Amino acid sequence: MALTRPHRRTTAVRRAAQLGAAVVVGALALSACGSGAKVSSSQGSRYVTSSSGIVTASKSSRESAPELSGRTVEGKTLDVSSAYHGKILVLNVWGSWCPPCRAEAVHLAKVSKDLQAKGVQFVGINTRDPSTGPAKAFEKDFDVPYPSLYDPTGKLLLRFPAGSLNPQSIPSTIVVDRAGKIAARKSGGVDEDMLRKMIDPLIAEK
């Protein structure tokens, strides 16, 4: 009996971890490829939502972005914090199967190229693609110039603090300031104008 108890505990821990990942993926699936999610009333005093659905946080209300690292769609190792320290980060959650992700891709690629010289780095988080093949084809089709972490089960999305401007749909775009704090989020697809409204104020910040 003594030998079976640790095994049972280990099994229980594994099942809990798997369930947690499944809950995140399931929650995102409910709002996947939608027009976006509203901020809950408990967040209303901390964040401001524009008419276009962009949610922003003042400097004093921003929470730290999580550590994001792992393999990219191309199979390379990427640690976002160390690779792009001090840059404004634009994190885009996407899937190759998602029509709004395809619609926004051209805008993300263009703004990424336009603002790279201003210290802005885009990073994708590819999720719910069962293999990297479709994601690679997506990046080639839309000439995506920036890397994407491969996160098929949503484990990286679990790292965002609860109650923060965390991703709530697929697609979602999150902008992180130079200090590593989450400054803005747009649930649902974005266009060039939305992206610049999210990023330009951070470029101007001192």
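Let me start with what I mean by a pocket: on a 1 Å grid over the protein atoms alone, it's an open set of points where a 1.4 Å probe fits, with protein on both sides within 12 Å along at least five of seven lines, and its lining residues have an atom within 4 Å of a point. The largest pocket here is lined by 17 residues, and Ala65, Ser81, Leu89, Val176 and Gly180 lie nearest its centre. Two elements, α2 (80-83) and β5, each give two or more residues to that lining. The volume comes out at about 240 Å³, counting the space filled by probe spheres set on the points, with points joined across faces, edges and corners.

Quick caveats. This is a predicted model, where local features need pLDDT of at least 70 and side-chain atom pairs count only at pLDDT 80 or more, while totals for chains, interfaces and linings use all residues. Residues are numbered from 1 along each chain as its sequence is written, and side-chain values use heavy atoms, with hydrogens and water left out.

Helices and strands, by the way, are DSSP runs numbered from the N terminus: H or I with at least four residues for helices, E with at least two for strands.

On to α3. Its bend is about 35° at Ala105, meaning the angle between axes fitted to the seven residues ending there and the seven starting there. Its buried residues (under 20% relative accessible area, 1.4 Å probe, protein chains only) include Cys101, Glu104, Ala105 and Leu108. The buried residues of α3 pack against β5, β6, α4 (132-141), β8 and α5, with contact meaning heavy atoms within 4.5 Å.

Now α5 itself. A side-chain oxygen of Asp191 reaches to within 3.2 Å of the backbone nitrogen of Asp193 at the helix start. Further along, α5 bends by about 25° at Met198, and Pro201 follows within four residues. Buried in α5 are Met194, Leu195, Met198, Ile199, Leu202 and Ile203. Their packing partners include β2 (54-57), α3 (99-115) and β9 (182-187).

Last stop: Ser96, in the loop between β5 and α3. Is Ser96 buried or exposed? Its relative accessibility is 12%, so Ser96 counts as buried. The Ser96 side chain makes a 2.7 Å polar contact with that of Asp129; that's a pair of N or O atoms within 3.5 Å, where within protein one must be able to donate a hydrogen and the other to accept it, and residues adjacent in sequence count only if both atoms are side-chain atoms. Leaving aside neighbours within four places in sequence, Ser96 also has contacts including Arg102, Asn126 and Phe138.

Key
Buried means under 20% relative accessible area, exposed over 50%, partly exposed in between (1.4 Å probe, protein chains only).
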